Number of protein chains: 10
Amino acid sequence: MLFAVRMDVAIPADLDPEVRQETIAREKAYSQELQRGGEWKSIWRIVGKYSNISIFDVESTDRLHEILWGLPLFEYMDVDVTPLAQHPSAIQQD
Amino acid sequence: MLFAVRMDVAIPADLDPEVRQETIAREKAYSQELQRGGEWKSIWRIVGKYSNISIFDVESTDRLHEILWGLPLFEYMDVDVTPLAQHPSAIQQD
Amino acid sequence: MLFAVRMDVAIPADLDPEVRQETIAREKAYSQELQRGGEWKSIWRIVGKYSNISIFDVESTDRLHEILWGLPLFEYMDVDVTPLAQHPSAIQQD
Amino acid sequence: MLFAVRMDVAIPADLDPEVRQETIAREKAYSQELQRGGEWKSIWRIVGKYSNISIFDVESTDRLHEILWGLPLFEYMDVDVTPLAQHPSAIQQD
Amino acid sequence: MLFAVRMDVAIPADLDPEVRQETIAREKAYSQELQRGGEWKSIWRIVGKYSNISIFDVESTDRLHEILWGLPLFEYMDVDVTPLAQHPSAIQQD
Amino acid sequence: MLFAVRMDVAIPADLDPEVRQETIAREKAYSQELQRGGEWKSIWRIVGKYSNISIFDVESTDRLHEILWGLPLFEYMDVDVTPLAQHPSAIQQD
Amino acid sequence: MLFAVRMDVAIPADLDPEVRQETIAREKAYSQELQRGGEWKSIWRIVGKYSNISIFDVESTDRLHEILWGLPLFEYMDVDVTPLAQHPSAIQQD
Amino acid sequence: MLFAVRMDVAIPADLDPEVRQETIAREKAYSQELQRGGEWKSIWRIVGKYSNISIFDVESTDRLHEILWGLPLFEYMDVDVTPLAQHPSAIQQD
Amino acid sequence: MLFAVRMDVAIPADLDPEVRQETIAREKAYSQELQRGGEWKSIWRIVGKYSNISIFDVESTDRLHEILWGLPLFEYMDVDVTPLAQHPSAIQQD
Amino acid sequence: MLFAVRMDVAIPADLDPEVRQETIAREKAYSQELQRGGEWKSIWRIVGKYSNISIFDVESTDRLHEILWGLPLFEYMDVDVTPLAQHPSAIQQD
């Protein structure tokens, strides 16, 4: 089941640089593990913003929330979730 | 080069039903040809709306505009284009 | 799996009164059948508006879109879908 | 009498962690007591956000304000209240 | 129980002038009866707009919806309802 | 001459608790004196928010600004002023 | 007593051209009379829009509403009223 | 003196096709003459929209309004004007 | 050449009171000098807000930016500039 | 390939003045080098705001993001990117 998720990140300027770096590293590892697992299907950077558009393929809304809530950068994020369905013109089955 | 494009469709209620059906059919054929050609990489229906989120892979902004301007349903659409870039966490190269 | 859905209805003033009445009747029957089936868990009128807030319990986003797209009043509606998850404070399991 | 209430929580990042934890615990207890009492009928987590949608069944607007104003997390919340009424299609009496 | 209600009226320019006049007359009579009955406590014109701010004192949200839904001009209105409670500084009991 | 005024209060979380309490007390006294004087005709709490809707009856816009600018909580407020006029349906003369 | 008023005009494209021209002429005469009378102190065109910003000097909000409601183009306008007061830096007394 | 101007065009679907084509042709000629004259410095299409961003170099705001008000497509446009000034980092003098 | 400028001021609550007072005094002197010089034609307080609407008469957009950028309170301001032109109904030449 | 980019800058008031000045100097040098290189084609100041509108001519969206992400003031910016295409009325080829 697919969801498009936009994440806008705003890390406070006065956050301890080490905490910042370490959190960003954990975020990357967390994301890459989910990408390898297949739930985090795609992630693209939005040009000019500390933001991304991602496509998730998950079994339930609870699972999606668990993933997003667990993001190391979650507390610095504004997250917008758009549920997706199969498009009648799509030549690929999702 | 990737772009996320959201298309919200609002076909006037008083459009001749045959024109409506014919235009929608042309839209589907137009989209599927571009999907097969690889420029229209993905298209998903937004749940509950006559809208889609699509990912395009095109060689220039002019080409993308040419494609969008040529959509049979274009005059009934509100189109929003978000330029994308490679995300540092992405495990796949775009 | 739960979704909150807000539906704002705007039926054109110049719609044929019989078509209007018949469509509204079909909408009611359509909704009540889904309520009896358990997928349409709750529907409340928003005070002062031709709108409702509903809670759906469906197996997938595709199914939810199928239900919403099939609403007799769909073409006169603005629909907004909010995916829900179990709340840690909820004493009832969804 | 029913109200839909959306609560968006934004706890300052620099709040003392113990105060944070203790306040969240009190919030959970406060909510669960009202749920057992029947005034707080439902509470769902909005996927991807530190937010919930709740349904309250209260005797008056003053009572609803008293409940919301008393939330331990109130000062960190943006609260939006939507009054609800019986929907003509609802098969259950509220 | 008090509610503040804002009503923005937009009557289609091409409405039959007689229907327009007759509907506005019914609206006035409908409002004045409710004012005399005490449920419609106050109604003020917003300067420069075909809009009003009103204060209603009703026994339930269902009753308020019944009143608003019954407004002769309802189909031409955008209605916004704000539930009110007793203010701790108010020297008059509502 | 009537004005509807909405006041949304946001007191910084790190304000000295004593200053906070003393300012709120002064705000209450300030408001009640103006209510007794008749210029501050009504004040209601907006359910779920640290906000109020008030009705003022003042002799000029300068006087209204003087009152609002003098509110002890003014620097923590977002204030919105809507000028009102006599409504043709009102059974009471303002 | 001063008010800033913004008027955005949107005359339906299908209005009878003669009615359009005659209404615009009446609007101009109506405005110029009020300008000569001193109530309509200033009127400027907003560059690129069928809109104006005006300054009114009137004795009451009721009078201002009477003027605006009487504008020949009123039904095609979106009007926004901002009450003004003497600014402490102004070297001219209003 | 420079202004950035965004023009969003929405030509009614039911406009006579000949009138539409003729107006668009006049718009093109009108624009190209001003471009050759140097007042209309640049015009770019916004990808995916019937819109443009243009840069004008004019001697006054009145002149800019005269140009925009004279656009053949003006009545079908939403126009937004942003006044520009020399940027301290610009290596070219405007 | 005329511009309407709205300035919304938000001075941080924790600014040193002396710096605050001294800056406000400089702002007043700066404004009054420009008013005497004729470039700052009018300044009015917006009722209920730490904001003003001003009318400027300047020779160029660069000059207007120079004036606004030089405001002692500029860094605490949100400034919105609307270019004005002569209105066809105005009885006074700007 | 052209993009219009709007940058709104908000440097925290409590940033060390030396860091502020040094960062602004690096921003200017960074921009001017890209202007000389031809990728940053134009930059204009928006009157009354710490903002600019710029036109970029870049080979890809990835390159544009690289440029914007590398701006010394990036963390204090809100950046909005609008992809541009050749306009059919433009007399110059982009």
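Chain B and chain F do not touch (contact means heavy atoms within 4.5 Å), and their nearest C-alpha atoms are 30 Å apart. Chain G and chain J likewise have no contact, with their closest C-alpha atoms 15 Å apart. This is a predicted model, in which local features need pLDDT of at least 70 and side-chain atom pairs count only at pLDDT 80 or more, while totals for chains, interfaces and linings use all residues. Residues are numbered from 1 along each chain as its sequence is written, chains are lettered from A in the order in which they are written, and side-chain values use heavy atoms, without hydrogens and water.

**Chains D and A**
- Chain D gives seven residues to the contact and chain A gives eleven residues.
- About 690 Å² is buried between chain D and chain A, with 64% from carbon and sulfur atoms; buried area is the accessible area (1.4 Å probe) that two parts lose on being put together, summed over both.
- Val47(D), Gly48(D) and Lys49(D) supply 69% of the area that chain D buries against chain A, more than any other three residues.
- Two salt bridges are counted between chain D and chain A, each a side-chain nitrogen of Lys or Arg within 4 Å of a carboxyl oxygen of Asp or Glu.
- Asp78(A) and Lys49(D) form a salt bridge through their side chains (3.7 Å, N to O).

**Chains J and H**
- The same surface serves both copies, as 100% of the contact residues of chain J recur in chain H.
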